[in-house]
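Hi everyone, thanks for coming. Please have a look at the structure on the screen, and I'll walk you through it piece by piece.

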Amino acid sequence: MEVLQNDKILKVAIDAEIYPEVVLLKCLYWYSNTFEVDVRKSSTSQYEISLKAIRHPDKVDWAIILLKLKQDLIDFKLRQHITDETKTIRELIIAKAFIYYDQQEGPVSEITDPVGFNPQSVKV
Amino acid sequence: MITVDSSPYSNSRKFKEFSHYIASPQRYYLLPFKFHRLSPGKEVIVNEIGDLLVIPMGTTGRIVAGEINPDNISDQELFADLIANFFISVTPLPELIEVLATRYRTKKSFLDYFTSLHIFVISLRCEHTCHYCQVSRVTSDKNKYDMKRFHIDAGIAIMMKSPNPHVTMEFQGGEALLAFESIVYAVEKTKIEAEKHNKKVTYVICTNLALLTDEMIQFFFNNGILISTSLDGPAFIHNRNRHKPHASSHQLVVEGIERCRQRLGEEGISALVTTTALSLEHPEEIVDEYVRLGFHNIFLRPISPYGFATRSTDKNKYETARFLDFYKKALARIIQYNLDGYFIREDYASIILKKMLTPFPVGYVDLQSPAGLVNNVVVFNYDGAIYASDEARMLAEMNDLTFKLGTLGEDTYEEIFYGNKVSTLSEVMINEALPGCSECAFQSYCGADPVFNHTTQGDLVGHRPTSAFCERNMEIIRYLILTMDEDKKKEKIFRSWITGKS
């Protein structure tokens, strides 16, 4: 991660293989309240992002911002990993939740009760 | 290695013995969940159905990297928690996926019956001149500002068409009791219609109680009507917020609360706080006043950015940070009362805690996804206009009709509830699909509020980084989780708020 910084602007070169566009955009969205955010693809394998303070540029502590940015990028990459890996199971849960007219089948797993008795042995 | 109990009952336990998981392949599979940094040393993970686990910082990274090893003694408890709480599964398709799906459906079950709350703005007239008042008019012109009978009839007819077998008819103002005769008419008519349509109706009147008479109280008693009033704190706050010419509004409301309690019982009347710039300086005094008056709940609401309120910038525009500071101080006071043996709960926290700690949804319009507007609430204005929520009609008083759904007596039920306007709105009513919300760990505790977005940002989708709604809820939710994690006594108090048992 290459960093170029002056008093008014922070520019960071990001490896596109490590941080894909979707991760960058989701992360930088949260910087758009205080910074003018620019993302451009500087080469096939690299993005260049720049942050420019919207208000009071002289009061920005860029070292803190850079630290937070690095942390947030890792967090959003983790989030994306979970989202991608669990996409199918999530869709399955929601689909199953809202199927109204499916024939109700017996539960696949054994019917047991946490307090210890076997409900199948109970005569009604 | 954990020793497994070999009692004869162990075979019928819901969760299998630990050895079952240890004997399984080391590989595990992620289930859908989200995470958020709580504090420098802690993070929280929340799964698709709102179950949460507070874990040491960096643990999410280890979970995702597949590093949680049940053979490692320090990971055994975490591994068991992750399995039991549906964060990971030892099989690609969890055995209990049906349970997950059922719990997801339960969380969304507030959608099952569609609109329940029907607000009738029975009159726009009021005898108070509150500086933050959003809509009211001080006038004696009943003809212009009271709801007409044919509009009341049309509103009742729509309410009876709701698929919901249990509806709430809420009378608001202005000051609703200025149109008491119309309320009597509406209740009597509804009783007849409800019998025909086999509906159970809960009646609520929102009033400042200044005009309360014995005849009114008897009517409330006879019809099981609940009273919702406003109490902003001790007299010096309440009277400043709620100015009534030549009278003490505080004295009137306190007397009114007592009279209602005597006839309707403690449960027959509730009070709400509206916080203003003045209130923000006195969190403890407001809580103390509720306790002094014998209340066992208090609802700390921020002032809404609608209607006349937005015009009084000096008095009403306060930063979210100030509200949060106020909220935390008031919450600390409330918790202290509970620790000292006096049960009192904060309602906003209770709504969020119920979402966190129980499998059930909460019917609170502002914190729902899909949003509560239309799905849970509809408003019939005094002039016959129909709005998607109470805030939407306040917006209409600023000549913004974005959320107007139709007109009583002119539009059919289908045109109102299934028309193009609602169809368009429904695209921005789901926080699972909103930017910023879609990745948020607190998604299942929060909601979508397109009316707030539109009002404050001029955009139905909204911009989360600058949203006061987002900032406020994120911090309150984070604070509640952290408080429970850090102090088990406080967690016990929070749990008592959702069970009602002290």
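This is a predicted model: local features need pLDDT of at least 70, side-chain atom pairs count only at pLDDT 80 or more; totals for chains, interfaces and linings use all residues.

In chain A, strands E3(A) and E4(A) form a hairpin with 2 residues between them. E3(A) covers residues 35-43 and E4(A) covers residues 46-53, and they pair in the antiparallel sense over 8 bridges. Two strands count as paired here if DSSP finds at least two bridges between them.

Residues are numbered from 1 along each chain as its sequence is written, and chains are lettered from A and ligands numbered from 1 in the order in which they are written.

Let's stay with chain A. It has 3 helices and 4 strands, and from the N terminus on the order is β-β-α-β-β-α-α. Helices (H or I, at least four residues) and strands (E, at least two) are DSSP runs, numbered from the N terminus. Of the 124 residues in chain A, 13% are buried. Buried means that 20 or more other C-beta atoms lie within 10 Å of a residue's own, with C-beta atoms placed from the backbone.

Which residues of helix H1 of chain A are buried? In H1(A), residues 21-29, they are A:Val23, A:Lys26 and A:Cys27. They sit on the same side of H1(A), because they cover an arc of only 95° around the axis; that arc is taken over the directions from the helix axis to the C-beta atoms. As a reminder, an α-helix has 3.6 residues a turn, so residues three or four places apart point the same way. The buried residues of H1(A) pack against helix H2 (62-85) of chain A. Contact here means that the C-beta atoms of two residues, placed from the backbone, lie within 7 Å.

Now over to chain B. Here we find an open sheet of 3 strands in the order E2-E3-E4, with antiparallel pairing. Its edge strands are E2 (33-39) and E4 (52-56) of chain B, each pairing on one side only. From one strand to the next, the twist averages 25°. Axes are lines fitted to C-alpha atoms, for helices over the stretch in contact, and angles run from 0 to 180 degrees between N-to-C directions. E2(B) and E3(B), residues 42-47, are joined by 6 bridges, and B:Phe35 has B:Ile45 in E3(B) as its bridge partner. Lying across all of E2, E3 and E4 of chain B is helix H19(B), residues 468-486, at about 75° to E2(B).

Chain B also has an open sheet of 9 strands, with mixed pairing, in the order E12-E10-E9-E8-E7-E6-E14-E15-E16. E12 (300-301) and E16 (404-407) of chain B stand at the edges with a single partner strand each, so one side of each is left without a neighbour in the sheet. Inside it, E8(B) and E9(B) run parallel, joined by 3 bridges, and B:Val204 stands opposite B:Leu226 in E9(B). Helix H7(B), residues 180-197, lies across E6, E7 and E8 of chain B, at about 170° to E8(B).

To finish, helix H11(B), residues 283-292: B:Pro283, B:Ile286, B:Val287, B:Glu289 and B:Tyr290 are its buried residues. Their arc is only 155°, which puts them on the same side of H11(B).

Notes: A residue is buried if 20 or more other C-beta atoms lie within 10 Å of its own, exposed if 12 or fewer, and partly exposed in between; C-beta atoms are placed from the backbone.
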